[in-house]
Amino acid sequence: RLAACGLAGLFSLSFLALAEPVAARFAADAAVLREAVLYVRVLAFSQFFVGMEAVHEKALLGAGLTRPIPWIAGAGNLLRIPLTYLFAVPLGWGAAGVWWAINLTSALKAGLFWWRVRRGTGAGAWASGPEGRGAGTLRARPRWTCVGRAQPGHPRPRGRVSLEGSPEPSRRFAIPPPLHD
């Protein structure tokens, strides 16, 4: 997370500092250049939240908690529609209203992903380390592993499969032989 914060800060500063020189390479018209610079500078404020959103979404994905990802991302993206209208038309912000709506929903999604990662998978989801409970790593859901060795010509090993982290260490299942034997 620290690396993501640092990179997001670097990108935010880059967006702010280099908005005009970079936009000038793509737009010759003064009105287009003004809008492009405004867009990049407004977008600079969302880079931290975009980075945090990505980091926490991938933490959930790596832990096998895929269900909340489309709900949080989908709801946040759908919320952009009414917010865009509100900011652009009634408040009169125009195109900048669209970009601020994107920033606001990115911050909301980053917060919801952070909350879901902090919540974990339930009681005892956070691995205990030297600092005690909540040492900073989300304990992944149990994974299937093979006990045995691969046979020549077969892509998967023959043997038994166990569920790591299972409350019953004796829980083992036989892998059926491949059908093409």
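Which residues in α2 meet α5? The model is predicted, so local features need pLDDT of at least 70 and side-chain atom pairs count only at pLDDT 80 or more, while totals for chains, interfaces and linings use all residues. Residues are numbered from 1 along each chain as its sequence is written, and side-chain values use heavy atoms, with hydrogens and water left out.

On the α2 side, Glu35, Leu38, Tyr39, Val42 and Leu43 meet Ala95, Ala96, Trp99, Trp100 and Asn103 in α5; contact means heavy atoms within 4.5 Å. Helices are DSSP runs (H or I, at least four residues) numbered from the N terminus. The axes of α2 and α5 (residues 95-119) come within 9 Å and cross at roughly 20 degrees. Axes are lines fitted to C-alpha atoms over the stretch in contact, with angles from 0 to 180 degrees between N-to-C directions. That crossing angle makes α2 roughly parallel to α5, a label for angles under 35 degrees. α2 passes α5 in a right-handed crossing, meaning that the near helix is turned clockwise from the far one by less than a right angle.

A second pair is α1 (residues 2-24) and α3, whose axes come within 8 Å and cross at roughly 150 degrees. This makes α1 roughly antiparallel to α3, the term for angles over 145 degrees. α1 also passes α3 in a right-handed crossing. Among the α1 residues that meet α3 are Phe11 and Phe15, and the α3 residues include Phe48 and Met52.

Phe45 lies in the loop between α2 (30-44) and α3 (47-62). Together with Leu13, Leu16, Leu86, Leu91, Trp93 and Trp100, Phe45 forms a nonpolar surface patch with about 690 Å² of accessible area (Shrake-Rupley method, 1.4 Å probe, only the protein chains shown counting as cover for residues). Patch residues have over 30% relative accessible area and no salt bridge, and nonpolar side chains (Val, Leu, Ile, Met, Phe, Trp, Tyr) are joined within 5 Å. A salt bridge is a side-chain nitrogen of Lys or Arg within 4 Å of a carboxyl oxygen of Asp or Glu.

Note on methods:
Patch = residues over 30% accessible without salt bridge, like charges linked within 9 Å, V, L, I, M, F, W, Y side chains within 5 Å. Helix = DSSP H or I, 4+ residues; strand = E, 2+ residues; numbered from the N terminus. Parallel < 35°, antiparallel > 145°, perpendicular 65-115°, else oblique.
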